[in-house]
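Here's a quick briefing to read with the model open beside you.

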Amino acid sequence: MKDEIKIDLPDGKLFVGGKWEEGTGAEITSIFPADGSVNCVLKGASRADGERAIARAKAAQADPAWRNLKPHERARYLYRIADGIEENIERIARIQTRDTGKTLTETRALASSAAGTFRYFGAVLETSDEALTTQRGTALTMSVWEPIGLVAAITPWNSPIASDAQKVAPALAAGNAVLLKPASWSPLVSLELARIVEASGLPEGLFSVLPGAGREIGNLLVEHPDIGRVSFTGGTSTGRRLAAQAAEKLMPVSLELGGKSPTIVFEDADQDLALSGILFGIFSSTGQSCIAGARLFVQRSIYDSFVARLVEATKRLKVGHPHDPATQVSCLVHPDHRASVEGYVEEAVAAGARVLAGGKRPDDPELASGAYYLPTILSDVSNTDKICREEVFGPVLVVMPFDDEDEVIAKSNDNDYALACGIWSRDFPRSLRIGRAITTGTVWINTYKQFSVSTPFGGEKDSGMAREKGRDGLRAYMVQKAVYVDLTGEPHPWAAATVAEV
């Protein structure tokens with residue numbers, strides 16, 4: 001299937017402190033993983049490019065013309081960016097599909113979500129009040145919020161436009177300058193976002209897009225003394241290193257990391273509801289989602305019949321080209337990533353796991369040149385096996401039986417990750433009770449993988465720290481200041497007598 005929209009980056013340049021400039025770092029090759037063809041080759045950002053972007057950001061953020069804008073005036077830029085995204089949804093979707101291999105259905109939804117995120121944080125900014133705190137003495141006391149200054153946002157390859165918006169929108173709304181580092185596997189849609197931001201009239205220097213090597217541009221953004229906060233979404237090992245670097249300069253960070261989320265099906269569940277939710281939760285986005293429901297626990301009394309239906313439904317999923325409207329499961333983002341997914345499955349099978357569905361590349365010759373892998377279900381595994389402990393980040397589901405509440409709570413919590421979980425039962429009190437007992441950042445009951453920008457998102461344990469989205473998502477990019485205003489007009493009694501003598 002041919003893509004009718006040409007990807008025309010501005011001469012392969014980067015957006016460095018509000019200026020389109022050729023990068024001086026290592027080459028980045030963007031490929032279309034559906035067939036392996038090359039989208040474009042561009043020079044990534046070097047340390048020198050990053051230093052230049054930081055200097056421009058510092059000057060722009062300190063300019064009173066930006067820093068002193070009233071909230072409703074700053075919100076107008078966010079609304080214009082939202083409008084620009086909405087006007088270009090089809091173009092953004094096709095660029096992201098070319099860059100990541102996601103279906104056009106999904107990338108259109110991600111672009112629409114990004115527009116909504118900018119619009120939401122514009123509204124939050126306009127309606128966020130500062131506080132007169134309870135007076136405890138003779139002074140009037142206030143709590144006010146101010147920009148941090150310069151903020152770095154480091155985003156992953158699996159949903160760039162939506163992840164970009166979740167960080168960039170609240171950071172700009174808070175009055176900061178933002179330096180965005182997208183993943184090298186998917187830089188194109190973030191550069192397209194830069195074009196939209198530029199067209200919004202945002203003052204030059206307040207936004208940069210710097211794709212490049214983590215060891216070079218990523219480390220610079222974390223270590224540079226002028227960067228006051230880093231928001232990172234990505235792998236847990238990288239997040240740990242980033243947190244250690246940030247601790248050296250006492251810099252706040254937010255980390256949205258990996259997951260190995262459990263989904264639980266009780267014998268009283270609406271099975272059709274559960275089956276559709278489980279399929280969507282693990283196999284949509286080709287499993288390349290941090291909140292993918294990768295560990296499935298089914299109550300033993302229905303285990304055999306439920307898993308049999310799940311396997312049959314999985315085999316009926318449409319695996320195909322991302323431009324095909326019927327496609328449910330597309331290609332993985334890169335051949336190297338497919339090799340990683342294959343390695344996990346092969347190792348699990350060697351350790352005794354049984355393949356109930358998938359476990360290989362599709363036989364369709366039309367898909368042979370792409371990075372495809374069939375939706376896979378594995379049984380005969382233990383919750384302590386590697387395949388049940390580590391994030392595969394692909395279309396791989398493990399299924400295990402359980403007997404009672406206490407057992408499934410213990411097994412769900414017996415994992416280093418704690419990002420999300422799903423519960424399928426008609427018994428709402430039990431579902432809520434179990435949801436509260438499981439250590440996790442998000443609980444879905446009789447649904448899965450639903451999101452709202454108004455609702456905080458994040459994880460516990462190795463899944464990260466802090467939260468994004470929601471009204472408090474704006475305050476995460478600000479610093480709180482206390483203000484005391486004397487109301488008496490009298491000298492402080494501690495020194496009043498001394499002052500009167502001079």
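What follows covers the cavities and then the sheet. This is a predicted model, where local features need pLDDT of at least 70, side-chain atom pairs count only at pLDDT 80 or more, and totals for chains, interfaces and linings use all residues. Residues are numbered from 1 along each chain as its sequence is written, and side-chain values use heavy atoms, with hydrogens and water left out.

**Cavities**
- There are four cavities of 30 Å³ or more (a cavity is a set of points on a 1 Å grid over the protein atoms alone where a 1.4 Å probe fits but cannot get out).
- The largest cavity holds about 70 Å³ of space (a volume is the space filled by probe spheres set on the points, which are joined across faces, edges and corners).
- Its lining counts 13 residues, with Ala-292, Ala-294, Glu-391, Val-392 and Phe-393 nearest the centre of the largest cavity (lining residues have an atom within 4 Å of a point).
- The second largest cavity has about 50 Å³, and among its 13 lining residues, Pro-262, Tyr-417, Ala-418, Leu-419 and Ala-420 lie nearest its centre.

- Three strands make an open sheet in the order β5-β6-β22, with antiparallel pairing (two strands pair if DSSP finds at least two bridges between them).
- β5 (131-132) and β22 (478-486) sit at the edges with a single partner strand each, so one side of each has no neighbour in the sheet.
- β5 and β6 (residues 139-147) run antiparallel and are joined by two bridges.
- Leu-132 has Met-142 in β6 as its bridge partner.

Key
1 Å grid on protein atoms, 1.4 Å probe; cavity = no way out; pocket = protein on both sides within 12 Å on 5 of 7 lines; lining within 4 Å. Helix = DSSP H or I, 4+ residues; strand = E, 2+ residues; numbered from the N terminus.
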